[in-house]
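This report goes through charged pairs, ring pairs and overall figures for one protein model. Please keep the sequence and the 3D view at hand while reading.

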Amino acid sequence: MTSAPPSSFTHELGQLKAVCLDVDDTLMDGPRASRRALRELLGTDRAWPVWERVTDDYYGRYVNNELRFDVMCVERTKAFFAAFGEQIDYTEAARREDLRMAAMQRGWGLFDDARPCLDWLRDSGLRLAVITNAPSAYQRKKIAAVGLADVFDVLVISGEVGVAKPDPRIFRTACDALGLSPGEVAHVGDRLDTDARGAASAGLHGIWLNRDGAPAAADVPTITSLHELPEMLVADLPAIPAVPELIR
Ligand SMILES: [Mg+2]
(Lines give C-alpha, C1' and ligand atoms only; values in the text may rest on other atoms or scores of the structure.)
Protein backbone atom coordinates (compact mmCIF):
# COMPACT_ATOMS: atom_id res chain seq x y z
CA MET A 1 0.00 0.00 0.00
CA THR A 2 1.28 3.44 -0.91
CA SER A 3 -0.71 6.28 0.60
CA ALA A 4 -1.39 9.29 -1.59
CA PRO A 5 1.30 11.89 -1.04
CA PRO A 6 0.27 15.48 -0.37
CA SER A 7 0.02 17.48 -3.61
CA SER A 8 2.98 19.73 -2.77
CA PHE A 9 5.15 16.65 -2.33
CA THR A 10 4.14 15.17 -5.68
CA HIS A 11 4.69 18.50 -7.37
CA GLU A 12 8.20 18.95 -6.00
CA LEU A 13 9.40 15.36 -6.53
CA GLY A 14 10.39 16.21 -10.07
CA GLN A 15 13.38 18.00 -8.57
CA LEU A 16 14.58 14.95 -6.67
CA LYS A 17 18.34 14.38 -6.95
CA ALA A 18 19.16 12.23 -3.92
CA VAL A 19 17.64 9.84 -1.41
CA CYS A 20 18.81 9.53 2.19
CA LEU A 21 18.00 6.45 4.19
CA ASP A 22 17.98 5.56 7.86
CA VAL A 23 19.92 2.38 8.73
CA ASP A 24 18.45 0.56 11.72
CA ASP A 25 15.08 -1.07 11.07
CA THR A 26 14.99 0.60 7.64
CA LEU A 27 17.83 -1.09 5.71
CA MET A 28 19.04 -3.40 8.46
CA ASP A 29 16.82 -5.95 10.12
CA GLY A 30 17.79 -4.99 13.64
CA PRO A 31 14.95 -6.75 15.43
CA ARG A 32 15.86 -10.11 13.87
CA ALA A 33 19.50 -9.85 14.95
CA SER A 34 18.62 -8.49 18.37
CA ARG A 35 15.98 -11.13 19.00
CA ARG A 36 18.34 -13.88 17.95
CA ALA A 37 20.97 -12.49 20.35
CA LEU A 38 18.48 -12.58 23.20
CA ARG A 39 17.69 -16.19 22.35
CA GLU A 40 21.39 -17.08 22.44
CA LEU A 41 21.84 -15.32 25.76
CA LEU A 42 18.77 -16.71 27.53
CA GLY A 43 17.82 -19.82 25.57
CA THR A 44 14.48 -18.20 24.72
CA ASP A 45 13.19 -14.93 23.25
CA ARG A 46 9.97 -14.81 25.26
CA ALA A 47 11.25 -11.66 26.97
CA TRP A 48 11.53 -9.82 23.63
CA PRO A 49 8.74 -7.28 24.37
CA VAL A 50 10.54 -6.31 27.58
CA TRP A 51 13.82 -5.93 25.68
CA GLU A 52 12.08 -3.66 23.14
CA ARG A 53 10.60 -1.48 25.88
CA VAL A 54 13.90 -1.17 27.75
CA THR A 55 15.71 -0.45 24.47
CA ASP A 56 13.31 2.37 23.55
CA ASP A 57 13.98 3.95 26.92
CA TYR A 58 17.76 3.56 26.97
CA TYR A 59 18.44 4.30 23.30
CA GLY A 60 16.50 7.53 23.76
CA ARG A 61 18.84 8.42 26.61
CA TYR A 62 21.82 7.82 24.34
CA VAL A 63 20.32 9.96 21.54
CA ASN A 64 19.62 12.73 24.07
CA ASN A 65 23.26 12.66 25.22
CA GLU A 66 22.33 11.46 28.71
CA LEU A 67 24.43 8.28 28.40
CA ARG A 68 27.51 7.37 26.38
CA PHE A 69 26.72 4.56 23.93
CA ASP A 70 28.84 1.86 25.59
CA VAL A 71 27.53 2.78 29.03
CA MET A 72 23.98 2.80 27.69
CA CYS A 73 24.42 -0.74 26.35
CA VAL A 74 25.52 -2.08 29.74
CA GLU A 75 22.93 -0.11 31.71
CA ARG A 76 20.21 -1.35 29.35
CA THR A 77 21.19 -4.98 29.96
CA LYS A 78 21.28 -4.32 33.71
CA ALA A 79 17.78 -2.78 33.56
CA PHE A 80 16.51 -5.67 31.45
CA PHE A 81 17.48 -8.26 34.06
CA ALA A 82 16.20 -5.99 36.85
CA ALA A 83 12.80 -6.06 35.12
CA PHE A 84 12.69 -9.76 35.98
CA GLY A 85 13.82 -9.20 39.56
CA GLU A 86 17.49 -10.10 39.04
CA GLN A 87 19.81 -7.40 40.36
CA ILE A 88 23.29 -7.63 38.82
CA ASP A 89 26.25 -5.28 39.20
CA TYR A 90 27.83 -3.30 36.33
CA THR A 91 30.62 -5.84 35.80
CA GLU A 92 28.23 -8.75 35.40
CA ALA A 93 25.96 -6.65 33.17
CA ALA A 94 28.98 -5.79 30.99
CA ARG A 95 29.88 -9.48 30.71
CA ARG A 96 26.36 -10.42 29.60
CA GLU A 97 26.20 -7.43 27.23
CA ASP A 98 29.46 -8.52 25.58
CA LEU A 99 27.94 -11.94 24.89
CA ARG A 100 24.70 -10.42 23.61
CA MET A 101 26.49 -7.88 21.40
CA ALA A 102 28.73 -10.56 19.86
CA ALA A 103 25.70 -12.73 19.11
CA MET A 104 23.84 -9.79 17.60
CA GLN A 105 26.74 -8.81 15.37
CA ARG A 106 26.89 -12.36 14.01
CA GLY A 107 23.25 -11.87 12.99
CA TRP A 108 23.53 -8.45 11.35
CA GLY A 109 21.76 -8.45 7.99
CA LEU A 110 19.64 -6.45 5.57
CA PHE A 111 15.91 -6.68 5.04
CA ASP A 112 15.14 -8.54 1.82
CA ASP A 113 13.80 -5.37 0.20
CA ALA A 114 16.89 -3.24 0.95
CA ARG A 115 19.37 -4.28 -1.73
CA PRO A 116 16.91 -4.26 -4.69
CA CYS A 117 15.74 -0.80 -3.63
CA LEU A 118 19.28 0.56 -3.29
CA ASP A 119 20.22 -0.92 -6.68
CA TRP A 120 17.23 0.72 -8.31
CA LEU A 121 17.92 4.10 -6.74
CA ARG A 122 21.54 3.94 -7.85
CA ASP A 123 20.64 2.77 -11.37
CA SER A 124 18.20 5.67 -11.59
CA GLY A 125 21.02 8.15 -11.18
CA LEU A 126 19.95 9.30 -7.75
CA ARG A 127 22.69 9.97 -5.22
CA LEU A 128 22.48 8.08 -1.95
CA ALA A 129 23.18 9.02 1.64
CA VAL A 130 22.70 7.60 5.10
CA ILE A 131 21.36 9.63 8.01
CA THR A 132 21.58 7.62 11.21
CA ASN A 133 21.49 8.11 14.97
CA ALA A 134 24.40 6.05 16.29
CA PRO A 135 28.06 6.21 17.33
CA SER A 136 30.55 6.57 14.49
CA ALA A 137 32.72 3.43 14.71
CA TYR A 138 29.80 1.15 15.59
CA GLN A 139 27.66 2.31 12.69
CA ARG A 140 30.48 2.27 10.14
CA LYS A 141 31.33 -1.28 11.22
CA LYS A 142 27.69 -2.28 10.83
CA ILE A 143 27.33 -0.70 7.39
CA ALA A 144 30.49 -2.48 6.20
CA ALA A 145 29.41 -5.79 7.74
CA VAL A 146 26.26 -5.90 5.58
CA GLY A 147 28.14 -5.01 2.41
CA LEU A 148 27.05 -1.39 2.05
CA ALA A 149 30.40 0.33 2.59
CA ASP A 150 30.66 1.49 -1.03
CA VAL A 151 27.00 2.16 -1.73
CA PHE A 152 26.57 5.67 -0.33
CA ASP A 153 27.96 9.01 -1.49
CA VAL A 154 27.59 10.43 2.00
CA LEU A 155 27.32 9.01 5.52
CA VAL A 156 25.87 11.33 8.14
CA ILE A 157 26.19 9.74 11.57
CA SER A 158 24.96 11.56 14.67
CA GLY A 159 28.05 10.48 16.62
CA GLU A 160 30.19 12.35 14.09
CA VAL A 161 28.15 15.48 13.47
CA GLY A 162 27.05 16.11 17.06
CA VAL A 163 23.32 16.36 16.42
CA ALA A 164 20.74 13.61 16.03
CA LYS A 165 17.48 13.16 14.15
CA PRO A 166 14.94 14.76 14.32
CA ASP A 167 17.09 17.89 14.71
CA PRO A 168 16.85 19.69 11.34
CA ARG A 169 20.59 20.34 11.39
CA ILE A 170 21.46 16.69 10.75
CA PHE A 171 19.25 16.63 7.64
CA ARG A 172 20.75 19.91 6.40
CA THR A 173 24.23 18.51 7.02
CA ALA A 174 23.40 15.69 4.63
CA CYS A 175 22.06 18.11 2.00
CA ASP A 176 25.18 20.28 2.30
CA ALA A 177 27.43 17.23 1.94
CA LEU A 178 25.49 16.24 -1.18
CA GLY A 179 25.69 19.80 -2.50
CA LEU A 180 21.90 19.89 -2.88
CA SER A 181 19.04 21.94 -1.50
CA PRO A 182 16.60 20.18 0.87
CA GLY A 183 13.85 20.27 -1.77
CA GLU A 184 16.02 18.07 -4.00
CA VAL A 185 16.44 15.38 -1.35
CA ALA A 186 14.14 12.71 0.12
CA HIS A 187 14.72 10.90 3.41
CA VAL A 188 13.22 7.50 4.16
CA GLY A 189 13.08 5.94 7.62
CA ASP A 190 11.06 3.71 9.93
CA ARG A 191 10.41 6.30 12.63
CA LEU A 192 7.50 8.62 11.93
CA ASP A 193 8.68 11.55 14.06
CA THR A 194 12.44 10.97 14.01
CA ASP A 195 12.70 10.29 10.28
CA ALA A 196 9.71 11.37 8.18
CA ARG A 197 8.48 14.38 10.13
CA GLY A 198 11.99 15.39 11.13
CA ALA A 199 13.10 15.44 7.50
CA ALA A 200 9.97 17.31 6.43
CA SER A 201 10.59 19.98 9.07
CA ALA A 202 14.05 20.51 7.58
CA GLY A 203 12.55 20.99 4.10
CA LEU A 204 13.32 17.51 2.69
CA HIS A 205 10.76 15.08 1.35
CA GLY A 206 10.16 12.95 4.44
CA ILE A 207 8.88 9.46 3.66
CA TRP A 208 7.74 7.10 6.42
CA LEU A 209 8.55 3.41 6.09
CA ASN A 210 5.76 1.88 8.17
CA ARG A 211 6.95 -1.73 8.27
CA ASP A 212 4.86 -2.76 11.26
CA GLY A 213 1.43 -1.59 10.15
CA ALA A 214 1.22 1.20 12.72
CA PRO A 215 -1.80 3.53 12.46
CA ALA A 216 -1.54 5.66 9.32
CA ALA A 217 -0.27 9.25 9.38
CA ALA A 218 -2.03 11.65 7.03
CA ASP A 219 0.71 14.27 6.95
CA VAL A 220 3.55 12.26 5.37
CA PRO A 221 3.83 9.98 2.34
CA THR A 222 3.98 6.40 3.59
CA ILE A 223 5.24 3.09 2.27
CA THR A 224 5.07 -0.28 4.00
CA SER A 225 8.09 -1.83 2.24
CA LEU A 226 11.13 -0.50 0.39
CA HIS A 227 9.73 -2.36 -2.64
CA GLU A 228 7.16 0.47 -2.82
CA LEU A 229 9.70 3.30 -2.88
CA PRO A 230 10.57 3.24 -6.61
CA GLU A 231 6.91 3.38 -7.56
CA MET A 232 6.36 6.36 -5.28
CA LEU A 233 9.34 8.19 -6.74
CA VAL A 234 8.52 7.52 -10.41
CA ALA A 235 4.94 8.68 -9.95
CA ASP A 236 6.05 12.20 -10.78
CA LEU A 237 9.57 11.68 -12.09
CA PRO A 238 9.45 10.98 -15.84
CA ALA A 239 13.26 11.13 -16.11
CA ILE A 240 13.64 8.06 -13.91
CA PRO A 241 13.49 4.69 -15.70
CA ALA A 242 10.53 2.38 -15.22
CA VAL A 243 10.50 0.16 -12.16
CA PRO A 244 12.29 -3.08 -13.05
CA GLU A 245 10.24 -6.27 -12.90
CA LEU A 246 12.33 -7.87 -10.20
CA ILE A 247 11.23 -5.46 -7.51
CA ARG A 248 7.63 -5.05 -8.55
MG1 LIG B 1 15.47 3.38 12.31
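## Salt bridges

Arginine 169 forms a salt bridge with aspartate 167, with the closest N and O atoms 2.7 Å apart. A salt bridge here is a side-chain nitrogen of Lys or Arg within 4 Å of a carboxyl oxygen of Asp or Glu. Arginine 169 is exposed, at a relative accessible area of 52%. The cut-offs are under 20% relative accessible area for buried and over 50% for exposed, with partly exposed in between (1.4 Å probe, protein chains only). Salt bridges with shared partners also join Glu86, Glu92, Arg95 and Arg96 into one network. Over the whole structure, the search finds 23 salt bridges.

The model is predicted: local features need pLDDT of at least 70 and side-chain atom pairs count only at pLDDT 80 or more, while totals for chains, interfaces and linings use all residues. Residues are numbered from 1 along each chain as its sequence is written, and side-chain values use heavy atoms, with hydrogens and water left out.

Aspartate 119 and arginine 115 meet through their side chains in a salt bridge of 3.9 Å, N to O. Both residues lie in helix H6 (residues 114–123), four residues apart, or about one turn of the helix. Helices (H or I, at least four residues) and strands (E, at least two) are DSSP runs numbered from the N terminus. Aspartate 119 has 36% relative accessibility and so counts as partly exposed; arginine 115, at 33%, is also partly exposed.

Which residue does aspartate 153 bridge to? The partner of aspartate 153 is arginine 122, with 3.4 Å between the closest N and O atoms. This pair links distant parts of the chain: aspartate 153 is in the loop between helix H7 (136–145) and strand E3 (154–157), and arginine 122 is in helix H6, 31 residues apart. Aspartate 153 is partly exposed at 37%, and arginine 122 is partly exposed at 34%.

## Aromatic pairs

Rings of Phe, Tyr and Trp (its six-membered ring) pair if their centres lie within 6.5 Å; planes under 30 degrees apart are stacked, over 60 edge-to-face, and the rest tilted. By this rule there are eight aromatic pairs. One of them is the edge-to-face pair of tyrosine 59 and tyrosine 62, at 5.4 Å centre to centre and 65° between the planes. The two tyrosines lie three residues apart in helix H3 (residues 48–63), about one turn of the helix. Tyrosine 59 is partly exposed, at 22%, whereas tyrosine 62 is buried, at 11%.

The rings of tryptophan 108 and tyrosine 138 have centres 5.6 Å apart and planes at 70°, so this pair is edge-to-face. Tryptophan 108 lies in the loop between helix H5 (90–106) and H6, and tyrosine 138 in helix H7, so the pair ties together parts 30 residues apart in sequence. Tryptophan 108 and tyrosine 138 are both buried. Ring pairs link Tyr59, Tyr62, Phe69, Trp108 and Tyr138 into a cluster.

## Charges over rings

A charge sits over a ring if NZ of Lys or CZ of Arg is within 6 Å of the ring centre and within 35 degrees of the ring normal. The charged end of arginine 61 sits over the ring of tyrosine 58, 4.4 Å from the ring centre. For arginine 211 over phenylalanine 111, the distance to the ring centre is 3.7 Å.

## Overall figures

The protein has 11 helices and six strands. Of its 248 residues, 49% count as buried.
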